[in-house]
Amino acid sequence: MDQAIHDVAELVAAAKRIVVLSGAGISTESGIPDFRSGHGIWQAYPPVSYQEFMTSSEARQRYWALRQVLHKQVQGAHPNAAHIAVARLERWGKLAGVITQNFDGLHQKAGNSPERVIELHGTSRLAACQSCGMHFPMDEVQARYDAGDRDPRCEHCKGYLKAATILFGQPVPVAELARAIELAHSGDLFLVIGSSLRVNPAARLPGIALESGALLVIINLQPTPYDRYASVVLHAQAGEALPCILAAARLAEAGA
Ligand code: ZN
């Protein structure tokens, strides 16, 4: 473990354009449950598919009931040591950008510039009309829900409103995906943090980075399909490993 941390630190110290891909595993230490872990609230509130959302008012009400739980969790969540380490990489001038599968906003809360964070699965800070595409601050829609509007509609066209995040069965936003692919091409070190790399299109990004000549480092509790292509794999909690890696990388750079 110590040797692996030392090896990653050397790679970080040598890198000039680090691209981070983060998944649910980076935020579990901030108290946000993993969508696919099958525990807790996902059993109480089974996820609603996009098709169900668009065709059933009962499904939309289930969706909004689940959002209440998520909204409170995300609002109350604080960035953990892993998010803070990624923000430090940006201040250090080494971070090309962050691609995240999360919609909790914790990278931005930790201090990463919003323009450097690509939210591949969307954001829950906005609500989007599913008919005209107009966006509204989630806080406003939330206030309407709290006042008793259980199936909130667009003020302009009466289309269904839902968070600007993707549900099962809904494609990743085209613009975000294009930016993520471009970013994956542009880095010299691709750092996966807390993603099992099993959900497309995020799962394709390490391959794109490798083809472009970047080195790959994976920090994730479970094995991933890309482990054998990585220069270093750390099966560790990101919030424990990353602060050590950054401290060692600073030392390595100072000593170089
Ligand atoms: Zn609309």
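**Helix contacts, metal site and backbone**

Modeller: Start with helix 1 and helix 10. I5, V8, A9, E10, V12 and A13 of helix 1 touch A241, C244, I245, A248, A249, A252 and E253 of helix 10. Keep in mind that this is a predicted model.

Biologist: At what angle do helix 1 and helix 10 pack?

Modeller: About 55°, and their axes are 8 Å apart. Helix 1 covers residues 2–14 and helix 10 covers residues 238–255. Angles under 35 degrees count as roughly parallel, and 65 to 115 as roughly perpendicular. Helix 1 and helix 10 are therefore oblique.

Biologist: Is the crossing of helix 1 and helix 10 left-handed or right-handed?

Modeller: Right-handed, for helix 1 and helix 10.

Biologist: What about helix 5 against helix 10? How far apart are the axes?

Modeller: The axes of helix 5 (residues 81–91) and helix 10 are 7 Å apart, at an angle of about 30°. Helix 5 and helix 10 are therefore roughly parallel. Their crossing is left-handed.

Biologist: Which residues make that contact?

Modeller: On helix 5, A81, A82, A85, R88 and L89. On helix 10, A238, G239, L242, P243 and L246. By class, the contact of helix 5 with helix 10 has eight nonpolar residues, one polar and one charged.

Biologist: Next pair. How do helix 4 and helix 7 cross?

Modeller: At roughly 130°, with the axes coming within 12 Å. Helix 4 is residues 57–76 and helix 7 is residues 138–146. Angles over 145 degrees count as roughly antiparallel. Helix 4 and helix 7 are therefore oblique to each other. The crossing of helix 4 past helix 7 is left-handed.

Biologist: Which residues of helix 4 and helix 7 meet?

Modeller: Helix 4 brings W64, A65, R67, Q68, H71 and Q75. Helix 7 brings M138, D139, V141, Q142, Y145 and D146. The contact of helix 4 with helix 7 divides into five nonpolar, four polar and three charged residues.

Biologist: Switching to the metal. What coordinates the zinc ion?

Modeller: Four cysteine SG atoms do, from C129, C132, C154 and C157. The distances are 2.3 to 2.4 Å. In sequence, the donor residues of the zinc ion follow a C-x2-C-x21-C-x2-C spacing.

Biologist: What geometry does the site of the zinc ion have?

Modeller: Tetrahedral, with angles of 97 to 118° among the four donor atoms. Ideal angles for four tetrahedral donors are 109.5 degrees.

Biologist: Now the backbone. Where is the cis peptide bond?

Modeller: Between N200 and P201, with omega of about 5°. P201 sits in the loop between strand 7 (189–193) and helix 9 (205–211). Most peptide bonds are trans.

Biologist: And K158, is its phi positive or negative?

Modeller: Positive, near 65°, and K158 is not a glycine. K158 is in the loop between helix 7 and strand 6 (161–165). Most residues other than glycine have a negative phi.

Definitions and conventions:
Residues are numbered from 1 along each chain as its sequence is written. This is a predicted model: local features need pLDDT of at least 70, side-chain atom pairs count only at pLDDT 80 or more; totals for chains, interfaces and linings use all residues. Side-chain values use heavy atoms; hydrogens and water are left out. Axes are lines fitted to C-alpha atoms, for helices over the stretch in contact, and angles run from 0 to 180 degrees between N-to-C directions. Helices (H or I, at least four residues) and strands (E, at least two) are DSSP runs, numbered from the N terminus. A crossing is left-handed if the near helix is turned anticlockwise from the far one by less than a right angle, and right-handed if clockwise. Contact means heavy atoms within 4.5 Å. Ala, Val, Leu, Ile, Met, Phe, Trp, Tyr, Cys and Pro count as nonpolar, Asp, Glu, Lys and Arg as charged, and the others, Gly among them, as polar. Donors are N, O and S atoms within 2.8 Å of the metal (3.2 Å for Na, K and Ca); water is not among the atoms, so sites may look incomplete. Four donors count as tetrahedral if all angles lie between 85 and 135 degrees; four count as square planar and six as octahedral if opposite donors are over 155 degrees apart and all others between 65 and 115; anything else is irregular.
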